[in-house]
Amino acid sequence: MDASSKKISLKDLTRHQPAITLHPRGWDPTTSAQKPSPPPQFDALATRLAKAKDWPSYWELVCSVPIADAIRLARRIPRRRWSPSDDGDRELMARLAATNVRRTETLVNRAAHAATIRLPTRLFLHEDYSAFAHGRAALVVATVERDQREAIHCFDIGHGRLVTLHRGEEADCSSIACLGPTEVVTFRAHGKSKIHHEFVRHTARGTSVLARGTRLAGAHVVSTATGCVVGLRLVPCALVYDERYEARDVDLAAWGLLRGDLLTVTPSGDRLVISDGGRLIAADAELRTLLAAATVPSELGEVVSMTFADEDLLLVSGRRGGLALWELNGTRPLLRIQRDTPVLRNLFAVPAWGIVGGKAHSQDHIHFFDSSTLVPATVPASVRPNPQFLKTFLSSPDGRFVAFSGYLDHRRSLEWSNELHDLHHLGAILQRPLGRIGPRELARLAAIPNDDARLYELCMLAHDVASRHVRKVLPGAPSSRTSDATMTAGSSDLPHRSERHISASFESVVSRVNRYRRWRNRNAVLGRGVLADAGPLWRAGMSLGGTSVEALHALAWLHWCRYRATRGEDLINDFQAALLLFARVGQHEPNLVPEELRPILERGVTVDHQFIGPEHWGRVGVHLLRQAETTLNAELLDQAVEIFEGTVAVYPPDHRFWPGDMRNLRYALRLRYSARRDPADRHRSIEVNRALRRGRSPNEPLGPAAPPIPPPPKVSRLHPLRDLEQRLQRVTELHDFGQHEVAEDEARDLLTDLDDRLGPNNSMSIRTCRLLASILTALGETDEAQRVERLTRERARNNPSSGSR
């Protein structure tokens with residue numbers, strides 16, 4: 001007897017989620033104070049407001065559009081009939097109206113052109129095999145070479161250097177994440193059956209296996225502010241790696257997830273959302289605290305891609321098509337907007353432009369949408385081609401970079417090309433709506449050198465207009481009240497330009513404090529650049545004129561948060577620094593002192609001033625440097641560099657401690673470069689060296705007289721010895737021609753390559769050391785020259801063939 005089988009449609013099957021009770025702590029929003037982007041047709045809106053004579057609304061529109069448009073619109077305001085009530089706004093309106101429109105457009109276009117760079121043609125961008133580093137200027141691309149071998153290239157964006165970290169026999173790379181200019185983690189399959197998988201780390205020094213097993217198949221990795229997170233597809237599990245690559249297993253089944261390979265990280269890198277297709281789980285980046293949870297609507301289908309449109313906005317695409325924009329606030333994310341679209345994958349977001357999008361692989365087309373309304377948007381002006389000629393588009397998780405590829409110059413040729421746009425570049429900031437410029441961009445505008453007077457004035461104008469939209473948010477801080485509170489006597493009052501640096505420093509410190517207080521992000525107050533950010537506030541507090549209560553309050557909270565985050569390892573005595581600063585604040589605003597510290601301060605605790613502040617930091621840094629120079633301990637060098645970056649940001653160049661701290665910073669950077677070979681350490685050490693000789697701050701432009709920093713050299717693979725000999729000859733010629741600074745840089749690079757390839761005691765290294773000592777003597781670095789001479793004699797004793805006993 002024949003029996004026909006029942007027809008079953010896979011679309012009719014229901015996905016069953018396990019029942020589970022969750023207790024999320026709640027997601028704290030951070031972007032509520034940010035102003036929305038101006039409407040795309042703001043010219044039409046300006047015309048309507050002008051006809052209605054609604055000049056207050058018109059003025060707010062002027063201050064929210066890009067600077068070139070703001071200047072053009074400001075000239076339409078009848079200043080004799082209306083002017084803002086605020087004195088500062090009246091001054092800004094007069095400056096905008098007095099600026100030439102055509103000259104401004106020329107300056108902006110010229111600066112914006114420099115924000116886009118052409119990537120090497122060998123980098124074939126693909127959304128699945130390319131990734132940006134989080135918080136660092138690096139891009140990794142896995143490609144297949146002409147010989148069908150796989151190659152993993154890392155592009156150092158800051159220095160324009162391309163490094164090949166790995167070459168394999170065949171293409172077996174899957175998910176990939178970039179952790180730095182010379183550091184990549186990825187998955188690979190090996191063996192004949194390709195069922196065995198490994199999670200590996202590629203660096204300039206080689207490859208190491210972090211994990212292996214069949215359960216790694218289909219896993220996905222993302223970089224965070226403190227390391228990386230691996231989400232597994234076959235089991236509900238995740239692996240959290242810190243900066244030391246120590247792994248920690250996280251059971252996602254406790255949060256009701258069936259798998260964990262769908263995950264995305266916030267722009268700040270300290271929180272993430274992980275999904276199994278049916279549930280959305282928000283947590284901190286270390287997957288220790290559950291923050292929020294939600295279920296995906298059935299009309300979307302299973303989630304196929306996610307990304308953050310902003311710190312608190314999550315964009316999700318479903319297998320059945322459509323986009324959903326979720327707002328994270330509290331314990332349950334809110335579905336804000338839902339839009340019908342084709343099935344989109346490889347979602348991206350550019351918060352600075354206010355756009356999101358994804359790629360419809362069925363159409364081979366990239367779609368752009370407004371990030372707040374999900375209305376279809378046009379291609380940004382910085383992306384030149386017609387959308388049909390744009391084939392790849394990806395953005396960095398922190399929102400700084402955008403890379404795109406395709407037939408970008410299709411009107412002239414049909415050659416494939418790749419380009420990268422830096423949204424933190426000065427030209428990109430000038431193109432951005434003034435209402436969306438944040439503290440980081442304000443600091444970039446404030447640090448513009450005074451080489452080009454017209455560009456400098458334009459940047460200062462954009463800075464002052466954009467500052468209207470930035471609110472200094474600190475828990476319990478007054479709105480604006482100055483005080484004569486000082487910490488110690490120091491230099492005289494700071495000029496107007498330094499006040500801009502103090503404002504940028506204040507914004508950065510407040511942001512770090514808020515990130516730690518809201519999410520317990522230890523990296524926010526203990527990571528790189530914290531003490532350097534706080535340096536201008538310390539300098540202002542140590543001046544004769546003093547500083548505001550808000551600045552002292554921000555510094556006090558920073559050191560108090562650092563003490564609580566160190567977990568008993570109070571290296572620079574943050575606890576006593578916080579007590580002193582809160583005591584100063586309490587003299588003028590007692591309600592700003594935390595309740596837990598009020599009993600201590602009421603007892604009149606005595607604080608030893610010798611063990612707080614930058615002078616104490618310097619002593620601790622010297623101690624760490626002496627420990628690290630014998631063992632090249634990278635962790636101690638990290639602490640030493642962080643400390644001396646902070647002290648040189650506090651002291652002016654005429655301070656008696658500044659030269660010594662600059663030399664210590666230079667030495668620590670050189671030691672760390674020899675330990676890690678990070679090109680950023682090499683670049684910074686040369687920058688500090690240039691600034692030390694000129695008596696200028698290393699955080700400001702050195703002027704046109706300073707020679708440019710040479711790029712890192714490359715050693716030929718075919719004839720390395722001949723290449724090294726030629727470089728030694730070039731250093732000799734530079735020394736003979738009197739170009740001593742460049743000669744020193746190239747001599748140190750040559751000595752590093754010789755030590756790596758031939759060992760420290762070869763004859764060419766000894767010749768290079770003698771030449772370097774002569775160069776340092778010519779530069780007036782007597783102590784450094786004597787140290788190199790001692791090193792030369794030691795190497796000569798260990799190399800009998802050199803003829804020197």
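The largest cavity in this predicted model has a volume of about 30 Å³. The structure holds 1 cavity of 30 Å³ or more. By cavity I mean a set of points, on a 1 Å grid over the protein atoms alone, where a 1.4 Å probe fits but cannot get out. The volume is the space filled by probe spheres set on the points, with grid points joined across faces, edges and corners.

Some housekeeping. Residues are numbered from 1 along each chain as its sequence is written, and side-chain values use heavy atoms, with hydrogens and water left out. As the model is predicted, local features need pLDDT of at least 70 and side-chain atom pairs count only at pLDDT 80 or more, while totals for chains, interfaces and linings use all residues.

Back to the cavity. Which residues line the largest cavity? They are Val273, Leu280, Ile281, Ala282, Leu314, Trp326, Leu328 and Pro333; a lining residue has an atom within 4 Å of a point. By class that is 8 nonpolar, no polar and no charged residues. Nonpolar here covers Ala, Val, Leu, Ile, Met, Phe, Trp, Tyr, Cys and Pro; Asp, Glu, Lys and Arg are charged, and the others, Gly among them, are polar. Strand β16, residues 279-284, gives the most to this lining, with 3 residues. Strands (E, at least two residues) and helices (H or I, at least four) are DSSP runs, numbered from the N terminus.

Next, Asp312. This residue sits in the loop between β18 (303-310) and β19 (313-318). Is Asp312 buried or exposed? Asp312 is buried, at 3% relative accessible area. Buried means under 20%, exposed over 50%, and partly exposed in between, with a 1.4 Å probe and protein chains only. The side chain of Asp312 makes a polar contact of 2.9 Å with that of Trp27. A polar contact is a pair of N or O atoms within 3.5 Å; within protein, one must be able to donate a hydrogen and the other to accept it, and residues adjacent in sequence count only if both atoms are side-chain atoms.

Now two loop residues with positive phi. Asn573, between α12 (549-566) and α13 (574-586), has phi near 60° and is buried at 16%. Leu632, between α15 (613-631) and α16 (634-650), has phi near 55° and is partly exposed at 36%.

Last, confidence. Mean pLDDT, the predictor's confidence in each residue from 0 to 100, is 83 for the protein chain, and 88% of its residues reach 70 or more. Over residues 471-497 the pLDDT is below 50, and beyond near neighbours in sequence that stretch has 75 contacts in the model, a contact being heavy atoms within 4.5 Å.

Conventions: On a 1 Å grid over the protein atoms alone, a cavity is a set of points where a 1.4 Å probe fits but cannot get out, and a pocket is an open set with protein on both sides within 12 Å along at least five of seven lines; lining residues have an atom within 4 Å of a point.
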